[in-house]
Amino acid sequence: MTNKPVQAAIEGWFTLDTDTPHLIGACCDKCGTYYFPKTLSFCKNPACDSTTFNEVELSRTGKIWSYTNACYKPPEPFVAEEPFVPYAIAAVELEKEKMIILGQVVKGVDVDQMKVGQTAELVLETLHEDDDAIKVTWKWQPQR
Amino acid sequence: MSQDIAVLGVGMHPWGKWGRNFSEYGVYAAREALKDAGIPWQDVQFVSGAATMRCGYPGYVAGATIAQALGWQGAQVNTSYAACASGSQALAAARAKILAGECEVALVVGADTTPKGFLAPAKGYRPEDPDWLRFYLGITNPSYFALYARRRMDLYGDTEEDFGLVKIKNSENGFTNPNARYKKKFTMEEIKNSAMVADPLRLLQICATSDGGAAMIVSSMEYAKRIGKANAVKVAAVSTVTPSFASAVVEMPDIATDSAAAAGVEAHSFRAALPKKAYEQAGIGPEDVSLAEVYDLSSALELDWYEDLMLCPRGEAAQLVREGATKLGGRLPVNTSGGLACFGEAVPAQAIAQVCELTWQLRGQAGERQIANPKVGITANQGLFGHGSSVILKR
């Protein structure tokens, strides 16, 4: 184990709460459209001309819309472990926000342990380490 | 008043990995199309090029680059960029100009030279760029195709064999196509033994990138009559609509869909919107379609298109391929050219290549790929950034 500090791989996109992390999105003040990543400029709902948004924490659980895995090492800027370890990917539908969010699936869970419609929960896990820090990101944890 | 324009000529440079300048493929294809149309280059009044982003500045101004390579002759010029739909957008520009009476005859052309290896985003730490972000998180192009494929399996009961049947069909279709890059008839065993890339998709079910060029000479119906080609194949519709908010499907390169949480907002499928507009323009329906050329970025995606084109109800596409309905000789052949499975994608040329194949089929000039008595053909494709297209040709 190292004593490196834990940092968000992408700052400001999720809370660093180890037990119950949330993605940080935005919600339009006027029409209630959610955004991830958060947008704070112009609402994209064609029927809304709002420019004011509230920063919100998005739902931590949703239903798996679909899933796959990565059997080959992606190109940069992905930072791969050596040797490369395949990982699963899930697209998860949030009910309240009515949107789908992609992410890696936690280590150790492969496609044969997932199903469309299954509940998944947001967790934080290491994306990669650099010389100074452990960079964490959001991942989906399918529920049994 | 008729909104039809005539397809006087079509031409292609064979797809491959030739490593030459893209404009060479474009000029070759343009000369083939001019020869096919039987008109001299000097008579072309408008050059509508499809841009390539990979070939430096000449690629951004592909219309002018190819016009200069053919020999400047004072035509009006335009270059379109719409990702995979660039070729259709170039055709849409030519069609608009012809129907507005601003020109009578136009060249539509697209060509590309692709680099070796992965297409990767620009360097640096740039999380505000969705394309950079998804690569950083480990989500590549095949990830998206695989998500769509897996959803079909879980929702509709499609199998890996169904996707394999699509690949086998396309490899048989492309086998005799002189313009195809891959000419090999694959077996189910070979497909199932190819490496898994993104479960459930294997290497042989995901399209490659290629060099290639395609071109068309299009004109007003009046012009076609004057040169004795009143019976030319006609373009009846060119749809290049954007998606409608909110997107129902997570699309490359995004990490999330739109939210459909606001009152009055529903989730919409972009793919389904593209042919809908084309059918409307042409004043025909899916029941009139004799054949289709669709964007099989993966073998599984071809099945999604059957449903988006309304060739069968949602969820029933696999049945069509199991029955052999979409093979050569079936009741509704799809990707008679061999599709992306046999071509690989040459982005700015690909949407034009789809139209070239429909033209040859509708004229009865498709050689060993020829299907019996087709009357109406439709294309469909989708690319990045809310671009896509659907073109309808008729006899």
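Q: At what angle do helix H6 and helix H11 of chain B pack?
A: In this predicted model, helix H6 (residues 141–156) and helix H11 (residues 299–308) of chain B have axes 9 Å apart. H6(B) passes H11(B) in a left-handed crossing. The packing angle is about 65°.

Q: How many charged residues does the contact of H6(B) with H11(B) have?
A: H6(B) contributes B:Phe145, B:Tyr148, B:Ala149 and B:Arg152, while H11(B) contributes B:Ala300, B:Leu301, B:Leu303 and B:Asp304. By class, six residues of this contact are nonpolar and none is polar. The number of charged residues is two.

Q: Which residues does B:Ile352 touch, not counting residues up to four places away in sequence?
A: With residues up to four places away in sequence left out, B:Ile352 touches B:Ala50, B:Gly87, B:Leu91, B:Val108, B:Gly110, B:Ala214, B:Ala215 and B:Met216.

Q: What percentage of residues 55–124 of chain A is strand?
A: An unreviewed UniProt entry lists this span as "domain: ChsH2 C-terminal OB-fold". Chain A comes to zero helices and nine strands. The end C-alpha atoms of the span lie 20 Å apart, and its helix content is 0%. Its strand content is 49%.

Key. Residues are numbered from 1 along each chain as its sequence is written. Chains are lettered from A and ligands numbered from 1 in the order in which they are written. This is a predicted model: local features need pLDDT of at least 70, side-chain atom pairs count only at pLDDT 80 or more; totals for chains, interfaces and linings use all residues. Two residues are in contact if their C-beta atoms, placed from the backbone, lie within 7 Å. UniProt positions are given in the numbering used here, feature names are shortened, and annotations may be inferred rather than shown by experiment. Helices (H or I, at least four residues) and strands (E, at least two) are DSSP runs, numbered from the N terminus. Axes are lines fitted to C-alpha atoms, for helices over the stretch in contact, and angles run from 0 to 180 degrees between N-to-C directions. A crossing is left-handed if the near helix is turned anticlockwise from the far one by less than a right angle, and right-handed if clockwise. Ala, Val, Leu, Ile, Met, Phe, Trp, Tyr, Cys and Pro count as nonpolar, Asp, Glu, Lys and Arg as charged, and the others, Gly among them, as polar.
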